[in-house]
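I opened a notebook page for this structure and wrote down what I looked up, entry by entry.

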Amino acid sequence: MSLIYRRRANQPSFTYVINDYMGEIKPFAKRIDNKLLILPLLILKTIEWSIYRWYKTPIRRFYGVKGNELIYMITKRCNERCAKCGIWKNPEPENEHIDISIFINCLKTLHENLYQVTLTGGEPLLFLNDVLKIADESRKYEIQLITVTNGVLITEDFLKKYAELDHILVISIDTLEKDKWIDFRGKNSYEKVMENINLSKKILGKNLQIQSVLADESISDIPQIKAFSKELEIKHVTQPYMDFGGVWNNVKTKNEKTNGFACAARKNICIYPNGDVVKCFDHHKIPLAKEPLGNISKEDIIQILCKKRSTEVSKIMKTCNFSCKQLSCNVPEIIYN
């Protein structure tokens, strides 16, 4: 689901236009079952894209193509005190945490346009029952759910219910050294997390992943975590360190990841615990996006996404090249898979 952009002197290059076009056409083509209809439907789709791509209004494009990721920071609260993260330092008060039904209604409204829902925090499993409600609703619409957890609060009962819904659980670990664990996590939870990783592997199988943050502090630990994951036949992913109030440091590399693709974060619909909607959790770097686009407890999500400012923010994001572009949620290939 893209936005319509005004044509101006600083309009993105021809490469960006091609990437925008392919971002619409590829997922659309995959949804055509009748091969005889592919060519005529692609021609119609191209005409439609061309009209909306150049039409000078701030109207949203909703095609029913699963091209968006809905990311819900279900809470800023956390049971750990990780040095890499400062989100836990400012937990939301009870009266600023929306009821789960409000988010479920948002998911229902957007489901035709979503390929994935991601739950993050804080620690999502502090709201374990809400996570399962979201997991159940996502499965109804055949949308993949990914829940990112520190691994401490995992229970066997939760895993069995989660496994039945065939969703992905990501456990975050940045070291396997016990003497580093407390410095990294702020708490002595090593044994519990290792126990829960083994239990999760047993119940979830291939739907379990391990994620590590690559920073100066953790770079020497990543190879060991990769080897550990490979031994257990668990997929391992690495995310670059982003400053969300933590005290870690970015790894200095000669070649920062910059590419010719438009920033894919504009496909994201991000929601904070209080219901505020942004296009990216790093939205504060864009002056026009310092304030949220709206709040799902007060407005319908479609109305929020159809606002002129939503259009303008997404337009700016198309050519932004901040370091957060390296995160997996900003990688264009995810749209096309």
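In which loop is D166 found? I located D166 in the loop between helix 5 (156-164) and strand 4. Helices (H or I, at least four residues) and strands (E, at least two) are DSSP runs, numbered from the N terminus.

**Entry: ground rules**

I note that this is a predicted model, in which local features need pLDDT of at least 70 and side-chain atom pairs count only at pLDDT 80 or more, while totals for chains, interfaces and linings use all residues. Residues are numbered from 1 along each chain as its sequence is written, and side-chain values use heavy atoms, with hydrogens and water left out.

I looked up phi for D166 and found a value near 60°, which is positive in a residue other than glycine. D166 counts as partly exposed, at 39% relative accessibility. For this term I wrote down the cut-offs: buried means under 20% relative accessible area, exposed over 50%, and partly exposed in between (1.4 Å probe, protein chains only).

E142 also has a positive phi, near 55°, and is not a glycine. I placed E142 in the loop between helix 4 and strand 3 (144-149). E142 counts as exposed, with 64% relative accessibility.

I then checked a peptide bond: G121 and G122 are joined in cis, with omega about 20°. G122 sits in the loop between strand 2 (114-120) and helix 4 (128-140).

**Entry: confidence**

I looked up pLDDT, the predictor's confidence in each residue, from 0 to 100. The protein chain averages 84, and 82% of the residues score at least 70. Over residues 1-12 the pLDDT stays under 50, and the model has 44 contacts for them beyond four places in sequence. A contact here means heavy atoms within 4.5 Å. Residues 56-64 also have pLDDT below 50, with 36 contacts in the model beyond near neighbours in sequence. Where pLDDT is low, the predicted coordinates should not be read in detail.

**Entry: the chain as a whole**

I counted 11 helices and nine strands in the protein chain. Of its 337 residues, 53% are buried. Among contacts between residues at least 6 apart in sequence, 73% join residues at least 24 apart.

**Entry: cores**

How many residues does the largest nonpolar core have? I read 57 residues, and V117, I134 and I173 are those with the most contacts inside it. Helix 3 (residues 100-110) gives the most to this core, with six residues. A nonpolar core is a set of buried Ala, Val, Leu, Ile, Met, Phe, Trp, Tyr and Cys residues joined through side-chain atoms within 4.5 Å.

I listed the contacts of V117, leaving aside neighbours within four places in sequence; among them are L70, F103, L107 and I134. There is also a second, separate core of eight residues, including I71, C85, I87 and V278.

**Entry: helix 6**

Which residues of helix 6 are buried? In helix 6 (residues 178-185) I found W181, F184 and R185 buried. They lie on the same side of helix 6, because they cover an arc of only 75° around the axis. The arc is that of the directions from the helix axis to the C-beta atoms. D179 and D183, on the other side of helix 6, are exposed. The buried residues of helix 6 pack against strand 4 (168-172) and helix 7 (190-204). Just after helix 6, I noted a positive phi of about 85° at G186.

**Entry: aromatic pairs**

I found six aromatic pairs in the structure. Rings of Phe, Tyr and Trp (its six-membered ring) pair if their centres lie within 6.5 Å; planes under 30 degrees apart count as stacked, over 60 as edge-to-face and the rest as tilted. W181 and Y190 form an edge-to-face pair, 5.2 Å centre to centre with 85° between the planes. W181 is buried at 1% relative accessible area, and Y190 is buried at 14%.

The pair of Y241 and W248 is tilted, because the ring centres are 6.4 Å apart and the planes are at 45°. Y241 is buried with a relative accessible area of 5%, and W248 is buried with 8%. I also noted that F184, Y241 and W248 form one aromatic cluster.

**Entry: Q211**

I placed Q211 in strand 5 (residues 208-214). Q211 counts as buried at 17% relative accessibility. Beyond four places in sequence, the contacts of Q211 include V148, V170, I171 and Q239.
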